[in-house]
Amino acid sequence: LGMAGTAAYGVLQRIQGVEVNPSTVDLNLNVNMAGRIYSFYENFNAFAEMLVLLIPVGIALLFGAKRRRYKLMGLAAAGLGTVAILMTYSRASWVGLAAAAVVFVFLWNRKLLPACIVLALACVPFLPASILNRILTIFNPNDSSTSSRVPLYEAALRMLKESPVKGSGLGTAAVKQAIKDYGFYYGAAPYTHAHNVYLQIWLETGLLGIVAFVASMFNALKRGAKAALLPHCSRPVRMITLGAVSGLAGSLVCGLADYLWTYPRVMLIFWFTAALLLAGVRLASRESAGAQST
C-alpha cells in the first residue's frame with residue numbers, strides 16, 4: 001500500500017503538471033517530453049530505483065497471495081508503479097525493470113519467456129512517442145545526459161588506478177574530495193558520485209569491499225532462485241521469493257548506470273528487498289525440510 005500510494009502521488013504530479021528541468025534532460029533530443037515525476041522523493045531517478053525494487057514484489061503478491069484484498073494490493077502497487085516508472089523517464093531503471101521481468105518469468109515458468117518477450121516487443125509501437133524517443137536516446141552518444149557520465153567514469157577509473165586496493169574512504173564526500181585533490185575530474189557539472197554502484201563501492205571500500213559486495217549479491221540471488229524452485233515450496237513463499245530475487249537483480253542491472261545509494265531511502269529499500277529474499281530462502285528451506293520429514 002505504501003508503494004501504491006507513493007506511485008499514485010507520482011501519477012497525480014503528472015496530471016497536475018511537472019516543470020521540465022533542462023539540466024536533467026537533453027531537450028534537443030527529447031522534444032515535447034513532459035516533466036519527470038519524483039513523487040515524495042527528491043529525485044526522479046531515486047523514485048524509479050525504488051520502483052524497480054518493489055514492482056516485482058507487488059506482482060509476486062498479486063499471484064501469490066491467498067486472500068483477495070492482498071491480491072488487490074499487489075495489483076495496485078504493480079500497476080501504479082509501472083505507470084509511474086514510465087513517467088520518470090529514467091532509462092537505467094527501465095532497463096533494470098526489463099531485466100527484473102526476464103528473471104521473474106524465467107524462474108516462474110521459463111516456457112513463457114519467449115511469448116512474453118514477443119508480447120513486450122509487440123507493445124513497443126503503442127508506447128507514447130516521448131517514451132519511445134527517450135528509449136532511443138539510450139544508444140545516442142550525443143545525448144547530453146549520457147555524455148555527461150563519461151568524465152565521471154573516467155575520473156572514477158583514474159582514481160581506482162591510483163588506489164585500487166584500499167579505496168578512498170567511506171562516503172561519497174571522501175571520494176569526491178580525493179578526486180578533487182588529484183584533479184581527475186574535468187566535467188562541467190559538479191562531481192557527486194561515480195554514477196555506477198560497483199565503481200562507487202570500489203572507490204569507497206577498496207578491492208575487498210567490491211569483491212565482498214558482488215559475491216554476497218551473487219550468493220543471495222543464487223540461493224533465492226534455488227529456494228523458489230524447491231518442489232515443496234508453497235506458492236506464497238515461492239512468489240514472494242521470486243519477486244525479491246527479480247527486484248534485486250533488476251536493481252543491480254540499474255546500478256550499472258547509476259549509484260543506487262545516493263538517497264538513504266533507496267538504500268533502505270534495497271536492503272529490505274535483500275532481507276525479504278533471505279527470509280523467503282529460510283521459509284522455503286523449512287517447508288521443504290518439513291515435507292521430506294513427513
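**Entry 1: burial and ground rules**

I call a residue buried under 20% relative accessible area, exposed over 50% and partly exposed in between, using a 1.4 Å probe and protein chains only. By that rule cysteine 254 is buried, with a relative accessible area of 1%.

A note to myself on the model: it is predicted, so local features need pLDDT of at least 70 and side-chain atom pairs count only at pLDDT 80 or more, while totals for chains, interfaces and linings use all residues. Residues are numbered from 1 along each chain as its sequence is written, and side-chain values use heavy atoms, with hydrogens and water left out.

**Entry 2: the whole chain**

I looked up the secondary structure and found 12 helices and zero strands in the chain. Here helices (H or I, at least four residues) and strands (E, at least two) are DSSP runs, numbered from the N terminus.

Next I checked the overall dimensions. The C-alpha trace spans about 65 × 45 × 35 Å along its principal axes. A compact globule of 294 residues would have a radius of gyration near 19 Å, and the 20 Å of this chain agrees with that. The radius is taken over C-alpha atoms, and the globule rule is 2.2 Å times the number of residues to the power 0.38.

Of the 294 residues, 44% count as buried. The chain exposes about 15,100 Å², of which carbon and sulfur atoms supply 67%; accessible areas come from the Shrake-Rupley method with a 1.4 Å probe, and for residues only the protein chains shown count as cover.

I then turned to contacts, meaning heavy atoms within 4.5 Å. Among contacts between residues at least 6 apart in sequence, 74% join residues at least 24 apart.

**Entry 3: aromatic pairs**

How many aromatic pairs does the structure hold? I found 13. The rule pairs rings of Phe, Tyr and Trp (its six-membered ring) if their centres lie within 6.5 Å; planes under 30 degrees apart count as stacked, over 60 as edge-to-face and the rest as tilted.

I picked out tyrosine 9 and phenylalanine 40, which are stacked at 4.3 Å centre to centre with 10 degrees between the planes. This pair links distant parts of the chain, 31 residues apart: tyrosine 9 is in helix H1 (residues 2–16), and phenylalanine 40 is in the loop between H1 and helix H2 (44–64). Tyrosine 9 is partly exposed because its relative accessibility is 32%.

Tryptophan 261 is buried at 13% relative accessibility, whereas tryptophan 271 is partly exposed at 37%. Both belong to a cluster that ring pairs make of Tyr198, Phe213, Tyr259, Trp261, Phe270 and Trp271.

**Entry 4: charges over rings**

For this I needed NZ of Lys or CZ of Arg within 6 Å of the ring centre and within 35 degrees of the ring normal. Arginine 265 lies over the face of tyrosine 41, 4.6 Å from the ring centre. The charged end of arginine 69 sits over the ring of tyrosine 70, at 4.9 Å from its centre.

**Entry 5: cysteines**

I searched for disulfides, meaning pairs of cysteine sulfur atoms within 2.5 Å, and the count came to zero. Cysteine 116 is partly exposed, at 34%.

Glutamine 13 is found in helix H1 and is buried, at 8%. Setting aside residues up to four places away in sequence, glutamine 13 touches Val18, Ile37, Tyr38 and Ser39.

Serine 246 is in helix H11, buried at 0%. Beyond its neighbours within four places in sequence, serine 246 is in contact with Pro56, Ala100, Val103 and Phe104.

**Entry 6: positive phi**

Most residues other than glycine have a negative phi. Tyrosine 89 has a positive phi, near 55 degrees; tyrosine 89 is found in the loop between helix H3 (68–88) and helix H4 (91–109), and is buried at 3%. Histidine 195 also has a positive phi, of about 55 degrees. Histidine 195 lies in the loop between helix H9 (172–182) and helix H10 (197–228) and counts as buried at 15%.
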